[in-house]
Amino acid sequence: MIERSYVDALGEEHLVSASTLDALQAAIGEPSDATTVIVHPGETPQLGPAEVVLEDGTTLVVEDRLPPDLPLGYHRMNGERDLIVSPGRCYLEEGVRRWGWAVQLYAARSAASWGMGDLADLRWIAEHAAASGAGLVLVNPLGAVAPIAAQAQSPYFPASRRYLNPLYLRVEEVPGATAATGLLEEAAAAGRALNRSSLIDRDEVWRLKSAALEAIWRSAPPPPEFEHWSGERGGSLDEFAAWCVLAEQHGGDWSRWPDDLIRPTTALRRVRAEYLDRLRYHQWLQWLCRRQLDHAARPLLLMQDLPIGVDPGGADAWVWQDMVARDVTIGAPPDEFNTRGQDWGLPPFVPHLLRNGGYRPFVETIRANLLTGGGLRIDHVMGLFRQFWIPSGAEPTEGAYVRFPHRDLLDIIALESTRAGAVVVGEDLGTVEEGVREELARRRVLSYRLLWFEPEAPRSWPVLSLASVSTHDLPTVAGLWSGADLQEQRELDLSPNEESTVKIRRLVAGLTRLDDDADLEEVVVGVHRQLAEAPSHLICATLEDLALSERRPNIPGTEQRSANWSLALPRPLEELMTGQLAEDLASIFNGAIRREKMSR
């Protein structure tokens with residue numbers, strides 16, 4: 001369903017033009033009848049007579065109504081309809097509060113990094129954070145990109161949300177690395193030399209790491225553990241690895257490949273026949289990524305971040321091309337900080353095609369991101385309810401909202417969350433329609449509350465929330481207080497909402513009771529002392545604020561004009577996380593949680 005009007009975050013109503021409605025209807029096509037049934041334990045809808053094959057292979061004959069005690073899981077009815085039994089609510093650790101760090105991993109470099117933060121750095125962050133009392137690390141999306149010389153910059157524009165980016169591998173910790181010692185020493189020296197630059201050079205990091213990884217692959221046969229792991233993943237891993245092989249040969253956009261490689265089934269047969277070793281190499285890279293990420297997640301709750309979509313030329317869009325809408329992209333209408341709206345360039349799934357496919361792309365994506373660490377942040381969670389679609393060639397202000405089957409999607413999230421024992425956070429910022437936050441709370445999806453956005457002091461925020469000061473798309477504490485962020489927006493001709501920025505700065509001054517001449521470290525401590533008063537289930541501080549960085553990781557709408565997703569933290573991890581400010585913030589959060597426990 002396409003909504004014919006909408007109200008943006010600034011309170012302005014927009015009527016959707018006839019040309020937009022026509023373009024979006026053409027992208028959606030003619031909706032078909034639902035074939036997927038989702039029920040909760042105890043519900044007994046009349047769906048018989050039917051033969052139900054449970055997930056474990058057991059067959060049940062249903063004469064009239066489904067039995068109330070069907071097990072949770074993914075089942076089949078009469079061999080043609082998907083039957084999903086969901087608990088309806090996500091997993092949540094009752095009575096447990098955690099604080100931790102939000103990490104842009106690429107920016108978090110240590111002395112051992114090859115020009116960007118990696119999974120061994122993430123493990124070090126987790127171990128050090130846990131030792132200081134933290135129980136959470138929220139990390140930027142780690143999704144795979146095309147394995148080509150020109151590496152994608154944005155973590156929110158992945159080729160796949162199910163598989164990981166080998167750029168984050170710590171090469172020295174790869175099994176068999178000792179077989180290529182000479183090459184590794186030279187590559188490591190070149191990689192560490194990149195740490196002297198304030199900008200991340202992903203292309204050079206990839207050149208160095210891919211050469212080293214290929215040398216290891218040629219020098220040492222993979223262990224039996226890899227063979228077992230890859231065998232368990234079957235066709236999904238094969239398809240992704242085949243896309244990687246073909247992307248190396250023909251570029252990272254499958255829509256520009258030769259005609260005989262456009263369809264995954266045909267292309268996979270060819271890759272298996274002609275490039276089997278290369279197929280296995282890319283499978284091996286994924287095994288290495290998963291192995292290192294698992295190690296990083298052991299000390300505490302590691303929360304991954306799920307982008308709302310994927311690169312239209314990437315692996316996931318290739319595999320599920322028949323479910324993806326053509327000639328439209330997802331974005332957002334204007335809001336306080338992005339007055340021109342946003343076009344993220346991500347293709348949406350067609351709702352009725354997704355549903356009739358048993359929601360398999362969604363299921364696989366959620367499950368892959370819950371394999372490790374016990375937590376998931378869903379970026380722009382409002383996209384489960386409706387998505388802002390923009391026709392090709394149109395401005396973000398010319399888009400319209402398209403409804404999605406949010407109840408089904410939330411039931412799938414609840415099922416996967418329960419099975420994984422993982423807490424779920426929904427990033428519900430920007431234009432949030434009435435009733436969304438209430439529905440998420442009923443499902444035990446934590447709200448995302450920011451000091452920059454909330455009109456009330458943190459102590460009044462809901463328990464079912466993750467509390468933070470800012471996000472990767474918004475000003476840092478230092479950037480807001482010094483005025484550097486506003487100045488950068490002016491220089492980029494972004495028409496910033498200066499009135500809102502001044503209002504937030506006054507809010508900070510009022511909460512912290514600091515004068516304009518307060519230094520940045522005082523302001524960061526004061527702001528996080530207020531944040532610690534939030535009763536929220538989870539509380540997060542960013543490494544950018546710990547580093548007193550005046551520049552945010554990303555300024556939306558400036559992809560070709562700024563250093564988005566390429567700014568390294570100004571100090572190495574070893575210095576940053578062992579400094580006095582880190583100790584002060586840890587003391588503030590630990591004290592707040594300890595006092596809350598004593599008051600029960």
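This is a predicted model: local features need pLDDT of at least 70, side-chain atom pairs count only at pLDDT 80 or more; totals for chains, interfaces and linings use all residues.
Residues are numbered from 1 along each chain as its sequence is written, and side-chain values use heavy atoms, with hydrogens and water left out.

Aromatic pairs were assigned where the ring centres of Phe, Tyr or Trp (the six-membered ring in the case of Trp) lie within 6.5 Å, with planes under 30 degrees apart termed stacked, those over 60 edge-to-face, and the rest tilted. The count under this rule is 15 aromatic pairs. In one of them, the ring centres of Tyr 156 and Trp 565 are 5.4 Å apart and the planes meet at 40°, so the pair is classed as tilted. Tyr 156 belongs to the loop between β10 (143-144) and β11 (160-164), whereas Trp 565 belongs to the loop between α17 (543-546) and α18 (573-576); the pair therefore ties together parts that are 409 residues apart in sequence. Helices and strands here are DSSP runs numbered from the N terminus (helices H or I, at least four residues; strands E, at least two). Burial was assigned from relative accessible area (buried under 20%, exposed over 50%, partly exposed in between; 1.4 Å probe, protein chains only). Tyr 156 counts as buried at 11% relative accessibility, and Trp 565 also counts as buried, at 5%.

A further pair is formed by Trp 257 and Trp 318, whose ring centres are 5.6 Å apart with planes at 65°, so the geometry is edge-to-face.

A charge was placed over a ring if NZ of Lys or CZ of Arg is within 6 Å of the ring centre and within 35 degrees of the ring normal. Arg 386 lies over the face of Tyr 401, at 3.6 Å from the ring centre. In another such contact, Arg 505 is positioned over the face of Trp 481, with a distance of 3.9 Å from the ring centre.

Salt bridges (a side-chain nitrogen of Lys or Arg within 4 Å of a carboxyl oxygen of Asp or Glu) number 43 in the model. Arg 386 takes part in one of these with Glu 433, the closest N and O atoms being 3.7 Å apart. Glu 433 is in the loop between β18 (423-426) and α12 (436-442) and Arg 386 is in strand β16 (residues 386-391), so this bridge ties together parts that are 47 residues apart in sequence. Salt bridges with shared partners connect Glu 3, Arg 386, Arg 403 and Glu 433 in one network. Arg 386 counts as buried, at 8% relative accessibility.

Other bridges lie within a helix. Arg 123 and Glu 127 are bridged with their closest N and O atoms 4.0 Å apart; both lie in helix α2 (residues 119-131), four residues apart, about one turn of the helix. Arg 123 is partly exposed at 21% relative accessibility, as is Glu 127 at 43%. Arg 207 and Glu 204 form a salt bridge at 2.7 Å, N to O, and are three residues apart in helix α4 (residues 202-219), a separation of about one helical turn. Arg 207 is partly exposed at 48% relative accessibility, and Glu 204 is partly exposed at 22%.

Cavities were located on a 1 Å grid over the protein atoms alone, as sets of points where a 1.4 Å probe fits but cannot get out; lining residues have an atom within 4 Å of a point. Grid points are joined across faces, edges and corners, and a volume is the space filled by probe spheres set on the points. Six cavities of 30 Å³ or more are present. The largest cavity holds about 270 Å³ of space. Its lining comprises 25 residues, of which Arg 161, Ile 308, Phe 362, Leu 384 and Gln 387 are the closest to the centre. At least two lining residues come from each of α10 (360-369) and α11 (406-420), and α10 gives the most, with four residues. The lining of the largest cavity has 18 nonpolar, five polar and two charged residues, where Ala, Val, Leu, Ile, Met, Phe, Trp, Tyr, Cys and Pro count as nonpolar, Asp, Glu, Lys and Arg as charged, and the others, Gly among them, as polar.

The second largest cavity holds about 210 Å³ of space. Of the 19 residues lining the second largest cavity, Ala 102, Gln 104, Thr 471, His 472 and Thr 542 lie nearest its centre. Two or more lining residues are given by each of β8 (98-103), β9 (136-139) and α17. By class, this lining has eight nonpolar, seven polar and four charged residues.

Note on methods: On a 1 Å grid over the protein atoms alone, a cavity is a set of points where a 1.4 Å probe fits but cannot get out, and a pocket is an open set with protein on both sides within 12 Å along at least five of seven lines; lining residues have an atom within 4 Å of a point.
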